[in-house]
Amino acid sequence: MTSEQLNALINDLASDFAPMVKKIEAKTIKTTQNNYGDYLRLLGMANGDKVKGNLFALAMIKAGANTQGVGSALKICFGE
């Protein structure tokens with residue numbers, strides 16, 4: 001996969017994640033710090049695949065997700 005194809009994939013995923021990320025970031029009551037619990041739930045769609053999880057994380061951040069929240073979710077999910 002070329003870097004152009006990878007960027008296109010991340011952009012497509014970001015478009016898919018955007019409505020969910022906007023909903024998470026708009027919550028008035030945060031249940032976890034930086035919404036990591038909500039991002040952990042979304043990372044669950046990677047089904048334990050670390051590569052998919054990292055792609056999903058990049059896409060969520062591109063869609064406006066809290067970077068620290070996504071980072072915390074990645075650490076929990078994949079031990080990074």
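D49 caps the N-terminal end of helix 3, with a side-chain oxygen 3.0 Å from the backbone nitrogen of V51. A polar contact is a pair of N or O atoms within 3.5 Å; within protein, one must be able to donate a hydrogen and the other to accept it, and residues adjacent in sequence count only if both atoms are side-chain atoms. The model is predicted: local features need pLDDT of at least 70, side-chain atom pairs count only at pLDDT 80 or more, and totals for chains, interfaces and linings use all residues. Residues are numbered from 1 along each chain as its sequence is written, and side-chain values use heavy atoms, with hydrogens and water left out.

**Helix 3**

- Helix 3 covers residues 50-62, 13 residues in total; helices (H or I, at least four residues) and strands (E, at least two) are DSSP runs, numbered from the N terminus.
- From first C-alpha to last, helix 3 reaches 18 Å, close to the 18 Å expected at 1.5 Å a residue, where the expected span is 1.5 Å times one less than the number of residues.
- G53, L55, F56, A57, A59 and M60 are the buried residues of helix 3; buried means under 20% relative accessible area, exposed over 50%, and partly exposed in between (1.4 Å probe, protein chains only).
- These buried residues pack against helix 1 (3-25), helix 2 (36-43) and helix 4 (67-78), contact meaning heavy atoms within 4.5 Å.
- Just after helix 3, G64 adopts a positive phi of about 110°.

**Helix 3 with helix 4**

- Two packed helices are described by the angle between their axes and the distance between the axes.
- The axes of helix 3 and helix 4 come within 10 Å and cross at roughly 170°; axes are lines fitted to C-alpha atoms, for helices over the stretch in contact, and angles run from 0 to 180 degrees between N-to-C directions.
- The two helices are therefore roughly antiparallel to each other, a term for angles over 145 degrees, while those under 35 count as roughly parallel, 65 to 115 as roughly perpendicular and the rest as oblique.
- On the helix 3 side, K50, G53, N54, A57, M60 and I61 meet T67, V70, L74 and F78 of helix 4.
- The residues of this contact divide into six nonpolar, three polar and one charged; Ala, Val, Leu, Ile, Met, Phe, Trp, Tyr, Cys and Pro count as nonpolar, Asp, Glu, Lys and Arg as charged, and the others, Gly among them, as polar.

**Loop between helix 1 and helix 2**

- T32 is located in this loop, and a polar atom of the T32 side chain lies 3.2 Å from the backbone nitrogen of Y36.
- Apart from neighbours within four places in sequence, T32 contacts G37 and D38.
- N34, in the loop as well, is not a glycine but has a positive phi of about 55°, and N34 counts as partly exposed at 24% relative accessibility.
- N35 of the loop has a positive phi of about 60° although N35 is not a glycine.
- At 2% relative accessibility, N35 counts as buried, and N35 touches I24, E25, K27 and K30, not counting residues up to four places away in sequence.

**Loop between helix 2 and helix 3**

- M45 lies in this loop and is partly exposed, with a relative accessible area of 42%.
- Leaving aside neighbours within four places in sequence, M45 is in contact with F17 and F56.
- M45 and F56 are eleven residues apart in sequence, and their C-alpha atoms are 8.7 Å apart in space.
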